[in-house]
Amino acid sequence: MAKKLRYGLVGCGGIANGKHLPAIKNLQDVEIAAFCDIVPERAKKANLEYSGGKGKIFTDYRELLKEDLDAVFVLTPNISHSEISIAALKSGKNVLCEKPMAKNYKEAQAMIAARDESKKLLTIGYQGRYRADSLYLKQECQTGALGEIYFAKATAIRRRAVPTWGVFLDEEKQGGGPLIDIGTHALDLTLFMMDNYEPAYAVGTTYHKLNKDKNAGNAWGDWDPKKFTVEDSAFGFIVMKNGATIILQSSWALNTTEVREAVTTLCGTKGGADMPEAGCLVMNGVKNGRQYTLTPNVKAGGVAFYDGVSAKPEDLEAQTFASAIRGKGKLYVLPEQAAVVTQILEGIYISAKSGKPHYF
């Protein structure tokens, strides 16, 4: 039996408990040996629940990096993604960093440089790629079923679902609001399907229209207007070097009933694809002179990445990372791809502030 991989987690908050810890616990050949959080109670709680109290507790990630670990999960606010990931790579650890890769493109490039220098693995937590609808659509794109994809929409729209906990509303710590939080998932999915990572320029707009609202009917309770320093909505128009166009829509609070999150729409020369919602896919095209739509049943069956692994995106993500560490598979999310997502998001923010197109 293969030696168990030893993991360390930096950040034991919502994304750790809601996604990564349950997924890692499902792996048979991995143990979580170290937990770090600036709030020690969070690390202690995670240790008891997911390691039976056998792991070590830290409040300083630098101390955790001194441990004998195969990999480190960076699950902190965006402001420290780059700093901690680089330190972990330099200490000889493989790294899975939550999305977005970094607050800006410069930091993302520094992470890739540290990866190259350390010869370790670095991947980013875009688990939307592992959804059944995404896996099916990627296969269709790879076979050329859509032809040349020249127009796409990346959508992450909520009606009134502003995250009011943690530092989501803090521009300094997060780098932005819905654009960098959920828009990043939609953009990653879109670029991945198009296999196009060469942006030419972007035009962006951001809005602070609902930040001051009270009794706002928010899904997670009212927000504090004084702490709501990020945008509530952001939109981008992106032109790629090959002429392809992407429209990016993101909002935590928009007065609309057309609510969709982390989905893409693709239009190609041979066909198209729409995700009416995450987990649902509709293909379209023309055959024998007739228009058609095809709705594959992505709820059932399908080719699994791994035998014995659930079809949950977070489980596939966890297994993919563990297999890559063991040299038995490749990473599905490359940092070079994630860095371009960050580059475009940054360009949209820059354009919104300047009122001018941002050229890459």
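The structure holds 18 salt bridges. Keep in mind that this is a predicted model.

Start with Lys-19. Its side chain meets that of Glu-98 in a salt bridge, 2.7 Å from N to O. Glu-98 sits in strand β5 and Lys-19 in helix α1, which covers residues 14–25, so this pair links distant parts of the chain, 79 residues apart. Are these two residues buried or exposed? Glu-98 has a relative accessibility of 4%, so it counts as buried. Lys-19 is at 5%, and it counts as buried as well.

Lys-19 has another partner. The side chains of Lys-19 and Glu-317 also meet in a salt bridge, here at 3.1 Å from N to O. Again the pair links distant parts of the chain: Lys-19 is in helix α1, Glu-317 is in helix α9, and they are 298 residues apart. Glu-317 is buried too, with a relative accessible area of 5%. Put together, Lys-19, Glu-98 and Glu-317 are linked in a network of salt bridges.

Now a bridge between loops. Arg-160 forms a salt bridge with Asp-213, and the closest N and O atoms are 3.9 Å apart. Arg-160 is buried, at 18% relative accessible area. Asp-213, at 27%, counts as partly exposed.

Next, helix packing. Two packed helices are described by the angle between their axes and the distance between the axes. Here the helices are α5, residues 105–118, and α10, residues 335–354; their axes come within 8 Å and cross at roughly 165 degrees. Because of that angle, α5 is roughly antiparallel to α10. The crossing of α5 and α10 is left-handed. Which residues of α5 and α10 make the contact? From α5 there are Tyr-105, Ala-108, Ile-112 and Arg-115; from α10 there are Pro-335, Glu-336, Ala-339, Thr-342, Gln-343 and Glu-346. By class, the contact has 5 nonpolar, 2 polar and 3 charged residues. Look at the spacing of those numbers in the sequence. An α-helix has 3.6 residues a turn, so residues three or four places apart point the same way.

On to helix α6, residues 132–142. Its buried residues are Asp-133, Ser-134, Leu-135, Leu-137, Lys-138 and Cys-141. What covers the buried residues of α6? The cover includes the strands β7, β11, β12 and β13, and the helices α8 and α9. Following α6 is Gly-144, whose phi is positive, near 85 degrees.

Last, the backbone details. Lys-99 and Pro-100 are joined by a cis peptide bond, with omega about -15 degrees. Pro-100 lies in the loop between β5 and α5.

There are also residues other than glycine with a positive phi. One is Asn-215, with phi near 50 degrees. Asn-215 is in the loop between β8 and β9, and it is exposed, with a relative accessible area of 72%. Another is Asn-288, at about 55 degrees. Asn-288 is found in the loop between β13 and β14, and at 75% relative accessibility it counts as exposed.

That is what I have.

Methods:
Residues are numbered from 1 along each chain as its sequence is written. This is a predicted model: local features need pLDDT of at least 70, side-chain atom pairs count only at pLDDT 80 or more; totals for chains, interfaces and linings use all residues. Side-chain values use heavy atoms; hydrogens and water are left out. Axes are lines fitted to C-alpha atoms, for helices over the stretch in contact, and angles run from 0 to 180 degrees between N-to-C directions. Helices (H or I, at least four residues) and strands (E, at least two) are DSSP runs, numbered from the N terminus. Angles under 35 degrees count as roughly parallel, over 145 as roughly antiparallel, 65 to 115 as roughly perpendicular and the rest as oblique. A crossing is left-handed if the near helix is turned anticlockwise from the far one by less than a right angle, and right-handed if clockwise. Contact means heavy atoms within 4.5 Å. Ala, Val, Leu, Ile, Met, Phe, Trp, Tyr, Cys and Pro count as nonpolar, Asp, Glu, Lys and Arg as charged, and the others, Gly among them, as polar. Buried means under 20% relative accessible area, exposed over 50%, partly exposed in between (1.4 Å probe, protein chains only). A salt bridge is a side-chain nitrogen of Lys or Arg within 4 Å of a carboxyl oxygen of Asp or Glu.
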